[in-house]
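Thank you all for coming. I would like to walk through one model with you this morning, so please have a look at it before I start.

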Amino acid sequence: MAHPVIIRVKKLATLSQVSASGQHTWRERYTHNADPARTPDNRDLRSVTSAADLRAAVEQRLATVTEKTAPKPVRCVEYLVTANHDAFRENGGSVDHQAYFRDAMAWIEKRHGVANVVAANVQLDERTPHLVVYVVPLVETEARERKRSVIVGTNPDGTKRRETRTEQQEAGVRLSAAHYLDGRAKLSKLQTDFAALVGERHGLVRGVERSRAKHTTVREFYAGIEAAQKPMRVIRPAALAPKVVQPGGMLKRATVEAPEEVAERITRAVHAEFKPLAIAAGGAALERKKRLQAEATAKAKVAQVEALGPLAAAVKDLPPAQLEQLIEHAQGLQRAAQVAVEAARRAAEFGRLLARNATSAAGRYARAALEAIKTAGDHRRVAWDRVDGQWREVAKSGRDGPELSELTVVQTILEYSPGQAAIRDSLDPEARNSALAKARSEPGRAESVLRHGPELGR
């Protein structure tokens with residue numbers, strides 16, 4: 001049975017909300033469903049390791065904003081990435097949480113930019129592994145022309161005389177969570193894209209689109225379970241009688257509830273009594289569903305082993321060292337296949353990049369890449385290290401357009417080059433961050449990182 005991906009977003013409008021969320025993430029406040037003995041297993045994927053560090057990192061990114069901001073902006077977005085408990089390998093499923101969260105991080109970094117992903121924490125001390133990522137939703141705006149109508153005088157008939165003037169608006173940075181998350185359509189597309197680009201690699205699928213199911217919070221769930229243990233109150237016949245809303249006086253009759261108001265009051269009371277039972281019943285149904293899924297998964301595994309036939313018999317008696325070598329070899333073939341697929345996807349995307357914006361860094365790189373593919377006849381025959389190096393020099397010299405910084409060049413190569421080293425680095429967040437850090441601090445040495453990156457999945 002295919003399990004659905006789970007990705008949720010939460011807007012943190014104030015720095016106080018950012019700090020409160022950070023205190024929960026780094027267990028600086030009591031967390032009911034976390035095991036303190038397993039908390040040391042949690043891992044940080046950024047240098048941020050506390051709520052105070054998180055707030056400082058968010059404030060540092062906010063300081064780069066150059067354009068006007070809304071009166072009450074969303075300062076940070078919190079992503080939660082996980083899947084069903086039974087989907088993960090340690091719980092009997094097939095999903096490797098490390099690889100899943102690594103791909104999720106790469107997807108979020110590509111969506112928002114590496115610098116805007118200020119903190120990330122893999123949490124293993126709860127029942128189900130999950131990834132928490134904090135993003136400052138900054139948007140880079142390109143330099144553009146702006147036309148506006150201005151009054152330049154008065155006509156003989158008394159009307160105002162106007163003319164259109166063109167102003168140059170410089171490139172800038174604005175804070176806008178709405179750019180990424182505003183509206184049901186964008187949130188639905190987020191779910192669809194994440195499932196297609198991340199979930200499918202790990203055997204996960206998109207949840208039911210336009211589902212009316214609602215998420216019950218942990219607080220509501222435990223409160224419902226506790227309240228369900230208490231005896232229900234009995235609604236006595238006297239409660240059905242209309243109540244006096246306003247007492248009467250000597251010359252004024254008393255005002256009592258109308259029949260509709262009585263019915264509404266009784267309905268509210270009944271709902272309040274049955275809500276805890278509904279939550280408890282929902283929890284029992286969920287546990288039953290998980291048990292049935294676990295049984296189905298176990299049966300499927302038995303069927304898979306039986307389907308191996310002679311192959312299962314051939315490998316079951318191998319020494320542990322040889323079996324481990326066989327598995328590593330198979331994983332190496334799988335990684336090579338992933339790199340080949342990603343290279344083909346990037347090569348197919350060059351035409352669209354060039355058509356979208358030929359003067360951008362991506363468009364200029366796409367032009368050079370298409371020329372190399374045309375000369376070689378196939379993207380697999382192109383020496384991408386040489387193409388990347390040559391374009392790098394041209395881009396920094398400004399011979400094909402405005403000069404590009406070393407950081408922009410490295411980012412473009414990591415994101416679009418079909419070269420194996422660039423793909424390995426872009427798919428491995430640690431290698432990508434290493435390359436970008438070198439580009440910032442030591443521009444002259446960044447080339448070695450791109451040419452000889454660490455192996456995928458290190």
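Predicted model: local features only at pLDDT ≥ 70, side-chain atom pairs only at ≥ 80, totals over all residues.

Residues are numbered from 1 along each chain as its sequence is written, and side-chain values use heavy atoms, with hydrogens and water left out.

The protein chain has 15 helices and 12 strands, these being DSSP runs numbered from the N terminus, with helices (H or I) of at least four residues and strands (E) of at least two. Of its 458 residues, 35% are buried.

Let me turn to helices H10 (residues 361-376) and H11, which pack at an angle of about 135° with their axes 10 Å apart, where axes are lines fitted to C-alpha atoms over the stretch in contact and angles run from 0 to 180 degrees between N-to-C directions. That angle makes H10 oblique to H11, since under 35 degrees counts as roughly parallel, over 145 as roughly antiparallel, 65 to 115 as roughly perpendicular and the rest as oblique. The contact, meaning heavy atoms within 4.5 Å, involves residues including Tyr 365 and Ala 369 of H10 and Trp 384 and Trp 391 of H11.

Trp 384 also belongs to an aromatic pair: its ring and that of Phe 350 have their centres 6.2 Å apart and their planes at 40°, so the pair is tilted. The rule is that rings of Phe, Tyr and Trp (its six-membered ring) pair if their centres lie within 6.5 Å, with planes under 30 degrees apart stacked, over 60 edge-to-face and the rest tilted. Phe 350 lies in helix H9 (residues 320-356) and Trp 384 in helix H11 (residues 384-397), so the pair ties together parts that are 34 residues apart in sequence. Both Phe 350 and Trp 384 are buried.

Finally, Glu 145, in strand E7 (residues 144-154), counts as exposed at 55% relative accessibility.

Terms used
Buried < 20%, exposed > 50% of the residue type's maximum accessible area, 1.4 Å probe, protein only.
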